[in-house]
Amino acid sequence: RYIPSPRFTTSYILVEPKSDADIAHIKAVVTSLGYRAYTRDEFIAQISRFYKYETGLGTNILLMTIISFIIGLSISGQTFYAFILENLDKFGALKAIGAKSRELVAMILFQATFTALTGYGIGVGLCVLMISLAKLRIPDYAALITYGNLSLAFGMVVVIATISSYLGVRRVLRIEPFDIF
C-alpha cells in the first residue's frame with residue numbers, strides 16, 4: 001500500500017450552510033462525530049494563530065521589524081547629524097546675526113518633519129506599488145495594508161525623526177558664534 005487510507009488523510013471538508021441558523025446545528029453534528037467545525041472566520045483565525053505562534057514566522061517578522069527600526073534609526077540619525085555638522089558654520093552665523101535658539105530649533109524640527117513625512121510617503125507609495133505589481137503577477141497574492149499598520153509605521157517614523165533631530169538640536173544649541181569665526 002503506497003497510498004494511505006483517505007479516512008485519516010482528509011485535512012478539511014468545506015460545507016456551505018443554507019442559512020446562518022444552520023451553523024450551530026452543523027457544528028454540533030460534526031463535533032459529535034469527533035471532528036472540529038469552524039466557520040470561515042474561525043478557520044482563518046485558526047490558520048493565522050498557527051503560523052504566528054506554532055511556527056517561527058511570527059518571531060522572525062518581529063525580529064525583522066526591530067532590526068529594520070534600529071537600522072532606520074541609525075542611518076537617519078547619522079545622515080541628519082552629518083547635515084547639522086556640515087552646516088554648523090551657517091547655524092553659527094545665524095546665531096551671530098541675532099537668530100534666537102528657538103528659531104534655530106524650529107528650522108531643524110521643520111527639516112526633520114519634512115524629511116520624515118516625505119520618506120514615509122515615498123515608503124508607503126512604494127509598498128502599495130509593489131503589492132499592486134505582485135497582485136498583477138500572482139492573482140491570489142495575499143497582502144493587506146491596514147490603517148493599524150500605517151499608524152504603526154507612522155509612529156516609528158516619528159520616533160526616528162524625534163531622536164535624530166534631538167541630536168542635531170543639542171549640537172546647534174551648544175554652538176557659540178565665536179566658535180565658527
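Axes here are lines fitted to C-alpha atoms, for helices over the stretch in contact, and angles between N-to-C directions run from 0 to 180 degrees. All views show a predicted model.

**View 1. Helix α4 against helix α6.** Helix α4 spans residues 88-96 and helix α6 spans residues 147-174. Their axes come within 10 Å. The crossing angle is roughly 50 degrees. The crossing of α4 past α6 is right-handed. On the α4 side, the contact residues are L88, F91 and K95. On the α6 side, they are R171, V172 and L173. Sorted by class, this contact holds four nonpolar and two charged residues, with no polar ones.

**View 2. Helix α5 against helix α6.** The axes of α5 and α6 come within 9 Å. They cross at roughly 150 degrees. Angles over 145 degrees count as roughly antiparallel, and α5 and α6 therefore run roughly antiparallel to each other. Their crossing is right-handed. From α5, the contact takes in S101, L104, V105, I108, L109, A112, A116, L117, Y120 and V124. Facing them in α6 are L150, A153, F154, V157, A161, S165, G168, V169, V172 and L173. By class, the α5 and α6 contact has 17 nonpolar and three polar residues.

**View 3. Helix α4 against helix α5.** Helices α4 and α5 pack at an angle of about 145 degrees. Their axes lie 10 Å apart. In this pair too, α4 makes a right-handed crossing, here past α5. F91, L94 and K95 of α4 meet S101, L104, M107 and I108 of α5. The class count for this contact is five nonpolar, one polar and one charged.

**View 4. The largest nonpolar core.** Twelve residues make up this core. They are F80, I84, L88, F91, A99, L104, V105, I108, A112, V169, V172 and I175. Helices α3 (57-86), α4, α5 (101-137) and α6 are the elements that each give two or more residues to the core. The most come from α5, which gives four residues. In soluble globular proteins, nonpolar side chains tend to be buried together.

**View 5. S164 in helix α6.** S164 sits in helix α6. Is S164 buried or exposed? Its relative accessible area is 4%. Buried means under 20%, so S164 is buried. Leaving aside residues up to four places away in sequence, S164 touches L73, S76, G77 and F80. One of these, F80, also belongs to the largest nonpolar core.

**View 6. T65 in helix α3.** T65 lies in helix α3. Its relative accessible area is 34%. That value falls between the 20% and 50% cut-offs, so T65 is partly exposed. How far is the C-alpha atom of T65 from that of P17? The two C-alpha atoms are separated by 41 Å. Along the chain, T65 and P17 are 48 residues apart.

Technical notes. Residues numbered from 1 in each chain as written. Predicted model: local features only at pLDDT ≥ 70, side-chain atom pairs only at ≥ 80, totals over all residues. Heavy atoms only, no water. Left-handed = near helix turned anticlockwise from the far one by under 90°. Contact = heavy atoms within 4.5 Å. Nonpolar A, V, L, I, M, F, W, Y, C, P; charged D, E, K, R; others polar. Core = buried A, V, L, I, M, F, W, Y, C linked by side-chain atoms within 4.5 Å. Buried < 20%, exposed > 50% of the residue type's maximum accessible area, 1.4 Å probe, protein only. Parallel < 35°, antiparallel > 145°, perpendicular 65-115°, else oblique.
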